[in-house]
Amino acid sequence: MTEVTYYTQDGLDRLKEELHHMKTTGRQLISKAIAEARDKGDLSENAEYDAAKEAQGLHEAKIAKLAATLSTARLIDESKLDTSKVLALSIVKIKNVKNGATMSYQLVAESEADLKTGKISVKSPIAQGLLGKSVGDKTEIQVPAGKIEFEILEITR
């Protein structure tokens with residue numbers, strides 16, 4: 001059974017746009033490359049043709065994977081989410097209990113994760129350790145550098 005993934009409207013729109021681009025422009029470019037390679041002569045000894053056909057296969061596999069992702073994607077209505085505990089799409093302000101450093105993350109789907117913008121995957125160790133917790137809770141999370149204790153300071157949407 002496939003796993004349902006939750007997205008923001010922006011994330012869902014980007015996935016749909018990427019799929020549309022791959023189905024239209026991407027397929028046209030690959031088709032053109034195959035036609036050019038075919039025009040160069042004997043297909044049995046044409047490395048360009050083989051490479052173009054392989055690229056086509058990889059492109060179609062990416063399209064199929066993206067279509068499968070979209071088929072299990074669900075849009076979350078952020079206005080109806082509970083802010084009393086950490087859920088997918090929560091923006092969580094946490095404090096490292098040991099050194100006092102504070103940071104803020106939004107928990108998003110894996111494909112939307114971008115650490116530079118403060119978005120981490122709900123499947124990441126930190127997000128897994130925060131899910132279901134409330135403001136004031138302390139949690140010890142296993143990260144590659146060892147165990148770190150965090151305190152949840154704020155939960156918003």
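**View 1. Charges along the predicted chain.** The chain carries 23 positive and 24 negative side chains, and the centres of the two sets sit 5 Å apart. Here Lys and Arg count as positive, Asp and Glu as negative, while His and the chain ends are left out. Each charge is placed at NZ of Lys, CZ of Arg, CG of Asp or CD of Glu. This is a predicted model, where local features need pLDDT of at least 70 and side-chain atom pairs pLDDT 80 or more, while totals for chains, interfaces and linings use all residues. Residues are numbered from 1 along each chain as its sequence is written, and side-chain values use heavy atoms, without hydrogens and water.

**View 2. The order of the elements.** Count them up and you get three helices and seven strands (DSSP runs numbered from the N terminus: helices are H or I with at least four residues, strands E with at least two). From the N terminus, they go β-α-α-β-β-β-β-α-β-β. The radius of gyration, taken over C-alpha atoms, is 22 Å, well over the 15 Å from the globule rule for 157 residues, so the chain is more spread out than a compact globule. That rule is 2.2 Å times the number of residues to the power 0.38.

**View 3. Helix 2 and its cover.** Which residues of helix 2 are buried? They're Tyr-49, Ala-52, His-59, Ile-63, Leu-66 and Leu-70. Buried means under 20% relative accessible area, exposed over 50%, and partly exposed in between (1.4 Å probe, protein chains only). Among what covers these buried residues are helix 1 (9-38) and strand 2 (73-75).

How values were computed. Contact = heavy atoms within 4.5 Å.
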